[in-house]
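Here is a short report on a structure with more than one part. Keep the sequence and the picture open while you read.

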Amino acid sequence: MNDQHNRVRGLWRQGLEVFVDNRLALAGVGIFVLLAAFSFLGPLFFHSDQVHTDLANVYLSPGTAGHPMGTDGVGYDQLGRLMLGGQTSIVVGLAAGLLATVVGTVWGAIAGFAGGWVDAIMMRVVDAMMSIPALFLFMLMAAIVTPTVPMLIVIIGAFAWLGPARLVRGEALTLRTREYVLAMRGMGGAGGRAVRRHIIPNAIGTVIVNATFQIADAILYVAYLSFLGLGVPPPAANWGGMLSDGLSDTFSGHWWLLYPPGIAIILIVLAFNFIGDGLRDVFEVRLRRR
Amino acid sequence: MGTRIRIACGVAAIGLSLTACGGGAGAGNSSQQGGSQGKDTATVAFRTPNWILPISAPGFTQGENDIFSTALYRKLYSYKLDGSSPDNIDPRRSLAEAPAVSDGGRTLTITLKDNTWSDGKPITTKDIQFWWDLVTTNKDKWASYRPGGFPDNIDAFKVKDDKTFSFTTKKAYNAAWFIGNQLNRIVPLPQHAWDKGDAQQTFAELTAAAKDPKSYATNPLWKVGSGPWKLEKYVPNGEVVLAKADTYSGPDKPKLNKVVLRPFTGDDSEFNVLRAGQIDYGYIPPANLSQKTYLESKGYTVSPWYGWSITYLQLNFNNPETGVLFKQPYLRQALQMLIDQPTISKVIWGDMASPTCGPVPSKGDGCVYPFDPAKAQQLLEANGWKVVPDGQTTCQDAAKCGEGVKQGAPLAFTVTSQSGFTATSKMFAEIKSQMAKVGVQLTIKEVPDSVAVTPACKPSESKCSWDMSFFGSQGSWYYPAFASGERLFQTGAPVNLGSYSNPEADKLIEQAQFSADASALTAYNAFLAKDLPVLWMPNPVYQISAYKSGLQGVDPQDPMNLMYFQDWSWKS
């Protein structure tokens with residue numbers, strides 16, 4: 001028992017060492033922590049009214065007293081808006097990415113393990129949904145329902161799970177023929193137990209790495225939807241919507257409305273991609289032995 | 001055709017602006033001298049028209065078709081709304097003298113002026129009769145037809161001689177209404193060139209030819225016109241060239257030799273070309289209004305094009321939940337007092353909008369319910385509402401809140417608005433903010449086509465769940481010359497999407513349409529401005545035009561959204 005415990009701890013330590021060896025992955029974690037702290041802890045230190053507009057103070061330049069990053073076209077403080085927007089982008093990105101990963105993993109594992117007509121039907125559903133442009137579906141859904149943060153999570157999660165489903169299904173197809181799975185089945189183990197105890201745990205590396213990319217994609221999807229005017233309604237904000245609003249000021253010299261949200265989106269997407277690369281190394285057994 | 005609802009066509013950015021959405025246009029021969037092409041030509045950003053026949057057809061009523069058609073075929077009456085002439089008739093451009101009204105207002109006798117077709121034949125009552133036969137025989141295929149309206153409301157059409165004809169109506173109408181809103185549809189057609197004897201067959205052949213745009217420049221049918229321009233070149237979804245009609249008989253002879261109508265794939269492409277100085281007349285997309293100074297420094301004159309329009313926020317009086325709230329006049333007044341129209345017009349629309357104060361277009365001065373949040377709060381509190389600033393205001397005293405309003409009912413509404421318009425999004429952020437200050441919670445839902453999802457409905461229908469609808473990013477409603485409300489605010493009117501109903505309003509609308517009393521329209525406007533069938537909103541300009549400063553005659557731009565290229569010339 002003690003030996004097994006030590007082995008698990010050893011595996012964690014090895015994984016951590018591999019992750020730390022990847023400088024970009026560390027940088028990704030750092031960027032994410034900074035952006036999350038900025039978005040969620042920032043409002044505790046910098047107070048701004050993000051509910052009421054102030055048409056008497058629109059387009060104030062950065063450095064104006066009380067508005068270090070200026071104000072936007074309806075008088076919202078831009079620094080406070082970036083914090084508020086970051087909260088939405090991070091929450092929706094994380095939640096939708098995780099939702100898509102969970103749904104896709106379960107779907108793909110069941111399809112791959114079951115095989116036969118179950119697999120055929122489940123994967124044709126995936127193929128059919130993948131043949132429809134995601135952006136079109138997002139727009140359709142957002143037009144039908146009122147976009148709120150929970151609704152955006154569901155909408156994005158509902159269509160982003162297709163990628164993980166295919167990925168995990170591929171893993172499950174190989175895992176189900178492994179000896180330990182066959183042995184469990186031979187001893188009368190049920191299919192559900194095989195999926196739960198063997199298929200999903202052994203595909204977890206792929207799943208976790210993919211999850212980071214799903215989160216990055218979900219943050220971009222929020223940006224796309226907001227760019228099309230289908231994001232969360234005011235006074236809520238998100239970086240995609242701010243970028244969209246800022247673009248209309250491209251020629252006006254109001255650079256503080258355009259670059260900060262754009263840079264924030266780039267940084268957070270990069271961060272999750274770096275983290276994903278690092279996690280891939282962690283689950284790559286050959287790298288652990290070096 | 002003049003009256004139409006301005007419906008956003010979603011991400012396609014609403015087709016009623018004059019440009020965009022066409023196919024890629026050829027570069028043409030635009031010179032490096034700002035596109036002036038030797039100073040006898042003007043290049044205009046203009047969506048490719050796709051209907052040439054001057055009888056409008058369903059699906060082809062876009063503004064560019066009206067402008068194109070009017071350039072080739074003059075209407076019986078043209079209008080100008082500067083108040084300089086009786087019944088708004090433009091005597092210079094019209095093909096007929098002002099109608100003589102008799103028989104207690106039922107008969108209008110019209111005399112044609114001396115004008116000719118481009119082949120030299122005179123324009124006579126045969127051409128009016130020909131138009132009349134075509135539209136009465138094929139009225140179901142005519143976009144301007146409404147059951148009970150023109151020509152159903154005509155008892156007799158009589159031709160007296162080559163120059164004189166008359167209409168006798170079934171009821172006595174207000175002559176100003178009939179002249180502005182019914183006679184505006186008449187376009188004399190070249191009977192000698194088009195008539196095949198049978199009105200149905202002729203109409204079918206003309207319609208078929210009109211549906212074949214690639215033959216517009218070559219089909220002999222379209223060679224005989226009455227307008228100041230003739231069609232020289234037509235590329236489907238591409239460039240259209242109008243050339244001066246040398247035989248034009250009207251007094252407003254073209255000063256330019258050619259007008260090149262050039263389409264663009266979207267607002268951005270048009271604006272980039274405008275910035276590069278390669279077109280003589282274009283428009284600034286509202287999102288790029290901040291570029292006004294830059295364009296002026298490049299030799300453009302920026303000119304807001306004011307439409308004969310109003311803009312409003314539609315309220316759904318039939319909503320099973322919130323309809324009962326909208327039926328309370330004090331609540332509508334309070335909501336109206338929370339909309340700061342002057343500031344929104346100035347700050348958010350960059351002075352390219354003006355307040356709407358009532359159903360008849362005005363300069364936006366003297367609204368009955370100006371912005372006054374304190375008064376709005378007092379009004380709510382006086383009527384039994386517990387106002388919770390930045391919270392949720394609820395009905396505390398049902399007896400005071402009004403008939404049908406339940407105790408505890410919240411003031412919370414969803415606004416279905418248009419996506420794709422930055423200024424509109426900002427405007428509703430501001431309105432939401434102001435309403436939140438008195439505990440009125442607005443949820444803004446932006447959709448590509450807000451009209452489609454907020455139809456007129458009965459309370460029992462599932463589609464009746466919408467509260468408020470906005471479709472006025474480019475104006476909610478454009479009027480014909482006489483701005484009466486029979487299509488907008490009368491009980492059961494076709495575009496009364498919110499199902500507003502008030503017997504007094506119905507009576508006043510009837511009077512404006514049927515009474516000879518010239519003050520009827522004023523009375524109607526005053527009543528509805530006060531009764532608030534909708535919430536009045538800032539009315540954006542039809543278009544922010546930009547034209548080369550050397551181009552003369554562009555201003556004033558027609559509030560009824562027509563373009564008279566014949567007035568244009570280059571400063572010598």
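**Confidence**

This is a predicted model, in which local features need pLDDT of at least 70, side-chain atom pairs count only at pLDDT 80 or more, and totals for chains, interfaces and linings use all residues. Residues are numbered from 1 along each chain as its sequence is written, while chains are lettered from A and ligands numbered from 1 in the order in which they are written. The model scores ipTM 0.75 and pTM 0.82.

pLDDT is the predictor's confidence in each residue, from 0 to 100. Chain B averages 89. In chain B, 93% of the residues score at least 70. Two residues are in contact if their C-beta atoms, placed from the backbone, lie within 7 Å. Where pLDDT is low, the predicted coordinates should not be read in detail.

**Chain A**

Chain A has 14 helices and zero strands. Helices (H or I, at least four residues) and strands (E, at least two) are DSSP runs, numbered from the N terminus. The C-alpha atoms of chain A fill a box of roughly 75 × 45 × 30 Å, taken along the principal axes.

UniProt, in an unreviewed entry, places the feature "transmembrane region" at residues 24–46, 90–113, 125–145, 218–236 and 256–279 of chain A. UniProt positions are given in the numbering used here, feature names are shortened, and annotations may be inferred rather than shown by experiment. In residues 90–113 of chain A, the end C-alpha atoms lie 34 Å apart, and the span is 100% helix. For residues 256–279 of chain A, the figures are 35 Å and 88% helix.

Axes are lines fitted to C-alpha atoms, for helices over the stretch in contact, and angles run from 0 to 180 degrees between N-to-C directions.

| Helix pair | Angle | Axes apart |
|---|---|---|
| H4(A) (residues 78–114) and H13(A) (residues 259–283) | about 35° | 11 Å |
| H5(A) (residues 116–130) and H8(A) (residues 162–175) | about 145° | 10 Å |

In the pair H4(A) and H13(A), the contact includes A:Gly85 and A:Gly86 of H4(A) and A:Pro260 and A:Pro261 of H13(A). This contact has five nonpolar, three polar and no charged residues. Ala, Val, Leu, Ile, Met, Phe, Trp, Tyr, Cys and Pro count as nonpolar, Asp, Glu, Lys and Arg as charged, and the others, Gly among them, as polar.

In the other pair, A:Met123, A:Val126, A:Met129 and A:Met130 in H5(A) meet A:Leu162, A:Ala165, A:Arg166 and A:Arg169 in H8(A). Here six residues are nonpolar, none polar and two charged.

**Chain B and the contacts**

The domain assignment of chain B gives domain 1 (4–73 + 227–306 + 542–570), domain 2 (86–193) and domain 3 (309–540). Such bounds come from an automatic or database domain assignment. Domains 1 and 2 of chain B touch, with 14 residues from each. On the domain 1 side, seven are nonpolar, five polar and two charged.
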